[in-house]
Amino acid sequence: MSQLSDIGNIKSILSRYGFSFSKSLGQNFLVNPGVCPRMAEGCGAREGVCALEIGPGIGVLTYELARRADKVAAIELDRRLLPVLEETLGEFSNVTVISGDVMKLDLRQVIQEQFGDKPVCLCANLPYYITSPVIMKVLEEKLPVDSLTVMVQKEAAQRICAEPGSRNVGAVSIAVRYYAQPEMLFQVSRGSFLPPPNVDSAVIRLKIRETPAVSVEDEAFFFQTVKAAFAQRRKTLANSLSAGLAVSKQQALETLAACEIPPNARAEELTMEWFGRLSDALFRKVNCIERG
Ligand code: SAM
């Protein structure tokens, strides 16, 4: 097939099918032929590995994944794209397109049915309106994938990859880093898409850790602590924690002191280890557990 992600080719396919872009489904299709091969290489698609894609669009990335991986399963919500994908991916026998909403499907079952116990990488140009929910669903459900290589808006990429203690860090950076090692792979300009969005994008890779970055007594409480700490950025940590968790400001201050965290510290200044220690100490306080 001639270059699938060539803009002339894409326009002609879309016009043959009478396709119009849906803004609400985050449909900005890649029309820069250099990007998909880089993403497919970057995600580790190769012999012996399977790839799960979310939102194949007309299949430009799927095509590159199918050339490299043993098997590809691509989940697409927009049913109008199904006949298009049948045409663009017709030459491959190792691709399955699944019609459905990634947020509603049982992804563990999809992975098991499609790939069995083979190693799986997730690779996607994610619709911007569900970037964080998709990433957190895969991480929190501890789905059996080795890595997530995803294109997201540049600002989201910077937030997700921000080091604890740096300016861009937020609750999502800490949550992602708990499960995975994030890495910025490359940036993609807005002109690489049809229609062009208002912002640039970036491809990031999240390599799943074998064990979480810190060991905590209660995972759910750790995430509640992180969320509370970042919920009110202008407040001090003690104020944010007492507003978001069942502790008084005095208890929050005592806990910070016990963890050797300065009383005027802000959430963005804390390391993962500090978050771990803080959440464990608060967990014990909230549940009235004394150190034995
Ligand atoms: N992969 C294509 C590309 O790079 O050109 C398309 C990427 S486009 C940013 C996002 C795709 O996700 C669209 O095809 C859209 O229809 C699909 N999509 C949107 N919401 C979805 C959902 N909840 N579940 C599955 N696919 C979805």
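Residues are numbered from 1 along each chain as its sequence is written. In this predicted model, local features need pLDDT of at least 70 and side-chain atom pairs count only at pLDDT 80 or more, while totals for chains, interfaces and linings use all residues; side-chain values use heavy atoms, with hydrogens and water left out.

Strand 6 spans residues 147-153. Strands (E, at least two residues) and helices (H or I, at least four) are DSSP runs, numbered from the N terminus. Six of the seven residues of strand 6 are buried, so this strand is largely enclosed by the rest of the structure. Buried means under 20% relative accessible area, exposed over 50%, and partly exposed in between (1.4 Å probe, protein chains only).

Strand 6 pairs with strand 5 (residues 120-125) in the parallel sense, over five bridges. Pairing requires at least two DSSP bridges between two strands. Asn125 stands opposite Met151 of strand 6. From strand 5 the chain passes through helix 6 (residues 131-140) to strand 6, in a right-handed β-α-β crossover. Right-handed means that, with the strands pointing away from the viewer, the path from the first strand over the helix to the second runs clockwise. Strand 6 also pairs with strand 9 (residues 201-208), in the antiparallel sense over seven bridges. Here Gln153 stands opposite Ser201.

Thr88 belongs to helix 4 (residues 82-88). Thr88 is buried, at 1% relative accessible area. A polar atom of its side chain lies 2.8 Å from the backbone oxygen of Ile58.

Leu77 sits in the loop between strand 3 (71-76) and helix 4. Leu77 is partly exposed, at 36% relative accessibility.

Definitions and conventions. A polar contact is a pair of N or O atoms within 3.5 Å; within protein, one must be able to donate a hydrogen and the other to accept it, and residues adjacent in sequence count only if both atoms are side-chain atoms.
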